[in-house]
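Hi,

Here is the structure I said I'd pass on.

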Amino acid sequence: MTIIRYQVSKPVLQGNERAYVIDAIDSGWISSSGKYIEKFEESVSEFLGIEGGIAVSSGTTALHLACEALGVKRGMKVIVPAFTYVANANAVSYCGGTPIFADCDPDTWNVTLHTIDQVWTSKTVGVILVHLYGLPAPVDKIKELCNQRGVWLIEDCAEAFGASILGKKVGSFGDVSTFSFYGNKIISTGEGGMVFAKDAAIRKKIRVLKGQGMIPGKSYWHPEIGYNYRLTNVASAIGYGQMEDVEYHLAERVRIAETYMNYLRPLRDRGIIQFPAHQEGYENVYWLFSILMTEESDINRDDLSNILLKDYGIETRPFFVPMHKLPMYSREGIALPVSESVSKQGLNLPTYSGLSNENIKEITGAIKELILG
Ligand SMILES: *Cc1c(COP(=O)(O)O)cnc(C)c1O
């Protein structure tokens, strides 16, 4: 049996998380009422500088509520990245809409103004944009395009909590923005998410939909089909504790990424691997530090990943499979060449608070040994 010495990711709960969870249990408020829900919503809203955060059960349910509140219905076409986590396309599908896939940029791995424009048609009703692996996508420019053409923009910030463009945090650009607090995200509640909406009416709609469509204050009056997408007070207690340490967790990721780059720079300089893009004014929060294996490398991505795990106990994760390669979203004749190649070459390396420089030296030592032979 392989002993995993370095997981690719893990939650680090070393502040008041435990005390707040015990307090929630002792108070009897373990379900979806209780003081920690509001405290968590307020602390996230304050940190991001966006008002009105709505805590929900996951990043996926946040996206579903966003699509539904913005009116996605059968036959509507929504542009989503081809290279992303599956939740974006699924959220559109839950509402009966059709996701249309935009390719990504070979350096940033994010969608661009150009790749969005390429797949735009008169049927486009909205765009879901994702900031992958912590690096902001050019959301300012894409929002402008959406405004010009009169469609809405959802910003999926699941992987980019705290990232910013010219000092403005991601999540503050979209008409609706979503976050995830899954166990491997920068801030975690186990399972959880949050939605922000600029428009007060949309915000109200999301609150109603997340609580079975019930109008607040009117018991058992459900004028429309809603969902139970609520976050518990216990999960919120973890999140509130995490938020007290948010600056630490963000600083840790920058340190970890810089240390990886220091040790791996020789491979990058020889063109064997590619680093995350550095863009002026774009602050990357390095959710998972990632590299791309280029054609210059003698060992392929999957072999490297397998040997790192088997012989060194170092867990890594391959990049997402692009959406149009999944059975339910595959379509005849669709070519998204950059997403396809990035997906085959990319690898996430262990990234979590507390991973020491010494640990990173060891991990990168193994990578160099395997790549350089
Ligand atoms: C993690 C993630 C989600 C969904 O999060 P869950 O909380 O697991 O539902 C959505 N989008 C992206 C890009 C993600 O990385």
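Below is what turned up around the ligand and in the pockets.

Some housekeeping: this is a predicted model, where local features need pLDDT of at least 70, side-chain atom pairs count only at pLDDT 80 or more, and totals for chains, interfaces and linings use all residues. Residues are numbered from 1 along each chain as its sequence is written, and side-chain values use heavy atoms, with hydrogens and water left out.

Let's start with the ligand. It is surrounded by 14 residues, the closest being Thr60, Asp156, Glu159, Ser180 and Lys185 (a residue counts if one of its heavy atoms lies within 4 Å). Three of those also show up as polar contacts, that is, pairs of N or O atoms within 3.5 Å. Asp156 has a polar side-chain atom 2.7 Å from a ligand nitrogen. For Ser180, a side-chain N or O atom is 2.7 Å from an oxygen of the ligand, and for Lys185 a polar side-chain atom lies 3.2 Å from a ligand oxygen. On its own the ligand exposes 380 Å², of which the protein buries 93% (Shrake-Rupley areas, 1.4 Å probe).

The shell around the ligand splits into six nonpolar, five polar and three charged residues; here Asp, Glu, Lys and Arg are charged, Ala, Val, Leu, Ile, Met, Phe, Trp, Tyr, Cys and Pro nonpolar, and the others, Gly among them, polar. Helix 3 (residues 59-69) gives the largest share of that shell, three residues (helices are DSSP runs of H or I, at least four residues, and strands runs of E, at least two, numbered from the N terminus).

Where does the ligand sit? In the largest pocket, meaning more than half of its atoms lie within 2 Å of the pocket's grid points. A pocket is an open set of points on a 1 Å grid over the protein atoms alone where a 1.4 Å probe fits, with protein on both sides within 12 Å along at least five of seven lines; lining residues have an atom within 4 Å of a point.

That pocket holds about 480 Å³ of space (the volume filled by probe spheres set on the points). Among its 29 lining residues, Tyr85, Asn184, Lys185, Trp287 and Phe320 are closest to the centre.

The second largest pocket has about 370 Å³. Its lining has 15 residues, with Ser32, Arg207, Lys210, Gly211 and Arg230 closest to the centre.

Cheers

Definitions and conventions. Polar contact = N/O pair within 3.5 Å; in protein donor to acceptor, adjacent residues only side chain to side chain.
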